[in-house]
Amino acid sequence: MPMLIILLFYIHDLVRIKRYYSQTEFVAQQMVNIIQNISQNRENKRITTNDLKHAMTLAYQTIYPGTTMFWQEQGLYFVNNPHPIIYYVKGNDGGTATTVWGKTLWTGDYRAVSPTKIRTGTETTTHDASLINMGTDLQPSQIYPTLKIQPGEVKIIVEAFIFFKTGLKDINGKSGYTPREVFGCHLVSPKLWQNENGRLADDKTRGAFFNSVVIFTPKPGLFDETPPE
């Protein structure tokens with residue numbers, strides 16, 4: 001009987017982890033759909049940071065229903081937060097590519113209480129929680145293994161993941177949770193991802209979980225080499 005119980009807990013954890021990966025993949029796909037269409041009725045079709053905030057809010061509803069992704073009272077409802085990154089990649093002559101910029105969005109901050117208050121940042125170096133490597137004149141596979149890009153071509157990469165660090169608090173101000181507790185597992189601890197090229201890769205108290213990536217060619221006018229404002 002004890003072995004059966006352990007087996008059931010183990011199966012439960014594997015199913016739960018697989019579901020999280022499925023959810024972040026769906027989130028990334030939904031963000032792509034929203035980004036491709038959100039500005040099409042405007043004369044200036046350029047995507048703004050505000051567009052990305054609303055795209056994130058809508059897409060992550062399958063993981064964070066209602067307002068649960070935002071800061072509440074003294075902390076976060078699920079003690080973790082959505083943290084997508086959008087990258088602009090340009091193909092160079094000679095078969096290389098450059099990650100020109102990355103735009104990060106997250107809600108793990110007491111100021112992030114609504115869609116318009118979502119925190120953002122612009123990345124020019126590799127983010128420690130990301131699967132994507134930033135740099136100039138890299139082989140496309142160095143940026144991301146499945147990236148294919150032609151000279152002069154532009155690709156947008158949407159990476160969706162869940163961010164957690166041990167210092168995050170719940171809505172009552174309690175902290176000190178483990179990834180296993182936060183993600184509802186009994187025996188298996190979900191895998192923490194940290195990019196060794198990132199600036200905070202040595203900090204083992206923080207990182208990404210369930211990273212999913214979608215690469216697409218943006219419609220004309222949505223992006224350029226200047227990050228959204």
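**Exercise 1.** Is phenylalanine 210 buried or exposed, and what is its relative accessible area?

*Solution.* This is a predicted model, in which local features need pLDDT of at least 70 and side-chain atom pairs count only at pLDDT 80 or more, while totals for chains, interfaces and linings use all residues. Residues are numbered from 1 along each chain as its sequence is written, and side-chain values use heavy atoms, with hydrogens and water left out. Begin with the cut-offs: buried means under 20% relative accessible area, exposed over 50%, and partly exposed in between, with a 1.4 Å probe and protein chains only. Phenylalanine 210 has a relative accessible area of 2% and is therefore buried. Finally, check the backbone: phenylalanine 210 has a positive phi of about 65° although it is not a glycine.

**Exercise 2.** Describe the surroundings of serine 130.

*Solution.* Serine 130 is in the loop between β6 (119-123) and α3 (140-143). Its relative accessibility is 0%, so serine 130 counts as buried. Leaving out residues up to four places away in sequence, serine 130 touches Ile85, Tyr87, Glu159, Trp193, Asn195 and Asn211, where contact means heavy atoms within 4.5 Å. With glutamate 159, the side chain of serine 130 makes a polar contact of 2.4 Å; such a contact is a pair of N or O atoms within 3.5 Å, and within protein one must be able to donate a hydrogen and the other to accept it, with residues adjacent in sequence counting only if both atoms are side-chain atoms. The loop between β6 and α3 also holds aspartate 137, which has a positive phi of about 55° although it is not a glycine.

**Exercise 3.** Identify the largest nonpolar core and follow isoleucine 35 within the fold.

*Solution.* A nonpolar core is a set of buried Ala, Val, Leu, Ile, Met, Phe, Trp, Tyr and Cys residues joined through side-chain atoms within 4.5 Å. The largest one has 44 residues, and those with the most contacts inside it are Met31, Ile35, Tyr60, Ile86, Val158 and Phe223. Among the elements that give two or more residues to this core are α1 (2-37), β4 (85-91) and β7 (154-165), and α1 gives the most, with eight residues. Beyond its neighbours within four places in sequence, isoleucine 35 is in contact with residues including Ile47, Leu52, Ile86, Val158 and Phe223. A second, separate core of 16 residues includes Val89, Ala129, Leu138 and Leu147.

Note on methods
Helices (H or I, at least four residues) and strands (E, at least two) are DSSP runs, numbered from the N terminus.
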